[in-house]
Amino acid sequence: MKQVELVHDALRFPALMSGDGEPVILLHGFPDSYQNWQHQVSALADAGYLAVAPALRGYAPGCQPSDGDYSLRAAVDDVCAFASQLGGCVHLVGHDWGAVVGYLAAARSPEHFSSLTTLAIPPVRRLPGALLRVPEQLLLSAYMDFFQLPLVPEWTLGRNDLAGIEWLWRRWSPDWEPGEALELAKLTLSQPGVMRAALGWYRHLPKVWTSAHRDARTWMASPITVPTLVMVGRKDGCMSPRLLDHTVNERDFPAGLRVEQISGAGHFLHLERPGRINDLLLSHLASSPSACSV
């Protein structure tokens, strides 16, 4: 496993890379680090894939845009650029924000992707309506409104050696000791500008008047035409597993949809149950051979 850089325009994204074969891009979420994909990167490389796990936009000093654009459209552009650099046809895996980006990228540019795997985030096409049917999710998602405030979130999350970040991890994945994974996330978020950049993703959400927001809503409402695997932890303290009851519709996934609820896992299920997640991921990839139009 080695450290590399992916490039999009003037931005340079650090990444983990290992293996050789069909490319697989793995996108992390908040508050996390690309380095926490190491279990999956190793397993994919051992299985004959080229695994690449880049930092999301803003999660390193070199990939913080000068214009502060942390819109979902910009993130989708990043991922499609990475796919082109890796041959134009990749498998895509995403957790948390990375899963949201994955859904939108696969909807926008299915020609770039052989398959989609998402973790912790149910299908987004029907998610807005589902929030009204799962009342506890409104409470679980209250942090998103808080993160849109100026300055206060940075102070709250950053004080006492990022105690706020640790609180989120332990709330979202209860009954699990995160250990080194949490320390890697803290190390990433303590780099210059990263905390503000990470919160910038949330602060772009209410900018509904922009063309970037309109594009993202269009892709969100579109079907996913590549084989898709959705995995959620049964003990997720961030996204209620009950959302699946109102977001899963096979008509939205004409190329096939598989949904797995992982027992004994919370929000960071790929770290809590890596063996189970890797088995499901490799099975999904094996059943979704490269079929992109390059």
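**Reading helix and strand packing**

Helix 3 and helix 10 are roughly perpendicular to each other (angles of 65 to 115 degrees count as such).

User: Which helices are these, and at what angle do their axes cross?

Analyst: This is a predicted model, in which local features need pLDDT of at least 70 and side-chain atom pairs count only at pLDDT 80 or more, while totals for chains, interfaces and linings use all residues. Residues are numbered from 1 along each chain as its sequence is written, and side-chain values use heavy atoms, without hydrogens and water. Helices (H or I, at least four residues) and strands (E, at least two) are DSSP runs numbered from the N terminus. Axes are lines fitted to C-alpha atoms, for helices over the stretch in contact, with angles from 0 to 180 degrees between N-to-C directions. Here helix 3 (residues 97-108) and helix 10 (residues 211-220) cross at roughly 80 degrees, their axes coming within 8 Å.

User: Which residues of helix 3 and helix 10 meet?

Analyst: Contact means heavy atoms within 4.5 Å. L104, A107 and R108 of helix 3 meet A216, W219 and M220 of helix 10.

User: What is the strand order in the open sheet?

Analyst: Two strands pair if DSSP finds at least two bridges between them. The eight strands run 1-2-4-3-5-6-7-8, with mixed pairing. Strand 1 (2-8) and strand 8 (257-262) are at the edges with a single partner strand each, so one side of each has no neighbour in the sheet. The twist averages 20 degrees from one strand to the next.

User: In which sense do strand 3 and strand 4 pair?

Analyst: Strand 3 (residues 22-27) and strand 4 (residues 49-54) pair in the parallel sense over four bridges, and E22 stands opposite Y49 in strand 4.

Terms used: Parallel < 35°, antiparallel > 145°, perpendicular 65-115°, else oblique.
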